[in-house]
Structures are given as C-alpha cells and as structure tokens.
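Please keep the viewer open as you read.

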Amino acid sequence: MQKLGLVFGGGGGKGAFQIGVWQALRELCVESAITAVAGASAGALNGAMFASGDLEQAITAWQTITPGEVLTPAAIRDRGLRLPQWFPHIRAGWFSNTGLKRLIAEYVDFTKVAKGPPLTAVCTRLSTGVLPVLKLGMGRMAKALMTPEYFAVNGRPDAASVILASAAIPFVFPQVEIQGRRYCDGGVLDNLPIKPLYKAGCRKFIVVALEAHFHPDLQARYPGADFVVLDYDTHSALLNTVETLDFHPETAKRRMSAGYAQAMEAGPELRALAGIRAKISQAG
C-alpha cells in the first residue's frame, strides 16, 4: 500500500481550519492511515500537535489563545528599525516571539512527537551577508538570500526551535537561530511542503492549504501522486493578510467548524485515498 502523507500549509491564525480537518480525519478513520506529516509555519505547529496525537489539546490551544498571547509586543529597542538591523535580514520582527514560545511549550508534547509519525517542518534559511548578492541580478537575488530547509522534527533536542523558526513570519516575528544559522517562516519559499514527503516515498497526499490560490498543478509537479486538497481560500490578498493575523478564539472556532465541514464533505474521497472501504463509525 502506498504511503499517505498529510501536508499542513502555513497561514497564521487560519491554522485553526486544519484542526477541524484533523477532527474529521479522526472520525472518518483516516487519521490512522497517515504515515508522515509535513508543515510550514502554523502548519508546522499543527503538524507537531498531530504527530503527538492529542487532538483535544490542539482544539483547546486554538480555542483559548488570544491575539495578545501570540502577537506579544516587542520592546522598541528590539524592533530593529535601524537600517543595519533590518537590511537585508529583517532580523527583528515587530512582535516578540515570547508568546509563540509559550504556546509551543504548553501545547506540544515533544516526547509524544518523537514517537509519532515522521514530521518534517520547513524553515527558510537566510544568507549571512550581502556579498553574494552584489554579483547577481535581481532574478537570482532571492535564491542567494533564502533557501528552504527541511527538518526532521521527531526526537530533535531543538525541535521547539524548529517549529518556532518555521512560524517566524518576516516583519512580524524575529528570526530564530538554529545551530548558528538564521531562519524565518518556512512558508516564504515552500508553503506546501509536499516535496520532502514525496522524496520519502509518499504517493498519496492530503493537503490542507491556507493561502489563496497557493497550490499550482500538483499532478504535474509530482508525477504518479494522488491528492485530496482542502483549502481555506479567502480569494482576496488583503483579506488573506488580515485573516493571517487574526487569532481571536471565536474566529478560531468558526475556522475549525469550516475545516471539519469541508473534510467531512470530502469524506468519500479521503477514505478512498486512504484505502478505507468499511462503514464510517463517527465519534458521537
């Protein structure tokens, strides 16, 4: 039987949608068929909670967090407003990541993650200087400054730092240092990290996207693979940005309900992808 991968895309506060999807996957008996998980940004955080297997903890996390807990104000001296600080790295975000650190520590049990399905989190590695860029044209500048890096999270002693780095939205949160290198939000370069799971042998994918029109022709990019894509699509760049930074509990509940409803509607496709044909036994 082909391996089934679960991919959680990035999208800040819209990540609550993925928890609703997870709840449906459990009720559809699909969760146990998933062999590997990958996530970017908020999707990496959700992927860590999924790998730990504690759905109720994830629901509690999203239903109780508040904007002030996530978007913790940074001291003015830490905001990096001077040119040497923010160009080209944007090292310090407008908000502190203290709240994110606390949420990860409180709601992710990395002991359980170590024993769960393989989890990959993508982070964006940043260049340590501008010298390489001086010799390049604009078209190649981004590649010189930024590189996607895929971390196997299970059992890493610095797993919490990897999740924190993957969620470090540029301009919003500060960069995170891992083994002497600086990283920011993994969704900058790969907001749907299908690639590492495909390379590991997965040929069936449940993709839960949170960005408007973010998934191209997946069949063309990943030959021989089958996909079920669930998408929280705002259809508006402005609305998308606003919703990314909306961490209100009531909004999270609405998004979880939307994710649950969309996944349940796609239940037959999801179960077929997972090779499940028995009658559904829904949690009551």
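## H1 against H3

Helices H1 and H3 are roughly antiparallel to each other, because their axes cross at roughly 155° and angles over 145 degrees count as roughly antiparallel. H1 covers residues 16-27 and H3 covers residues 55-64, and their axes come within 10 Å. Axes here are lines fitted to C-alpha atoms, for helices over the stretch in contact, with angles running from 0 to 180 degrees between N-to-C directions. Helices are DSSP runs (H or I, at least four residues), numbered from the N terminus.

The crossing of H1 and H3 is left-handed, meaning that the near helix is turned anticlockwise from the far one by less than a right angle. On the H1 side, Ala16, Ile19, Trp22, Gln23 and Arg26 make the contact, and on the H3 side Leu55, Ala58, Ile59 and Trp62 do; contact means heavy atoms within 4.5 Å. By class, these residues are 7 nonpolar, 1 polar and 1 charged. Ala, Val, Leu, Ile, Met, Phe, Trp, Tyr, Cys and Pro count as nonpolar, Asp, Glu, Lys and Arg as charged, and the others, Gly among them, as polar.

A note on the model: it is predicted, so local features need pLDDT of at least 70 and side-chain atom pairs count only at pLDDT 80 or more, while totals for chains, interfaces and linings use all residues. Residues are numbered from 1 along each chain as its sequence is written, and side-chain values use heavy atoms, leaving out hydrogens and water.

## H1 against H14

The axes of H1 and H14 (residues 249-265) come within 6 Å and cross at roughly 40°. H1 and H14 are therefore oblique to each other, and the crossing is right-handed.

From H1, the residues in this contact include Phe17, Gly20, Val21 and Glu27, and they meet H14 residues, among them Arg255, Met256 and Tyr260. The contact of H1 with H14 has 11 nonpolar, 4 polar and 2 charged residues.

## Serine 52

Now turn to serine 52, which sits in helix H2 (residues 42-52). Is serine 52 buried or exposed? Serine 52 is buried, with a relative accessible area of 12% (buried means under 20%, with a 1.4 Å probe and protein chains only).

Leaving aside neighbours within four places in sequence, serine 52 is in contact with Asp109, Lys112 and Val113. The C-alpha atoms of serine 52 and valine 113 are separated by 4.4 Å, although the two lie 61 residues apart along the chain. The side chain of serine 52 also reaches the backbone oxygen of methionine 49 at 2.6 Å.

How values were computed
Helix = DSSP H or I, 4+ residues; strand = E, 2+ residues; numbered from the N terminus. Parallel < 35°, antiparallel > 145°, perpendicular 65-115°, else oblique. Buried < 20%, exposed > 50% of the residue type's maximum accessible area, 1.4 Å probe, protein only. Polar contact = N/O pair within 3.5 Å; in protein donor to acceptor, adjacent residues only side chain to side chain.
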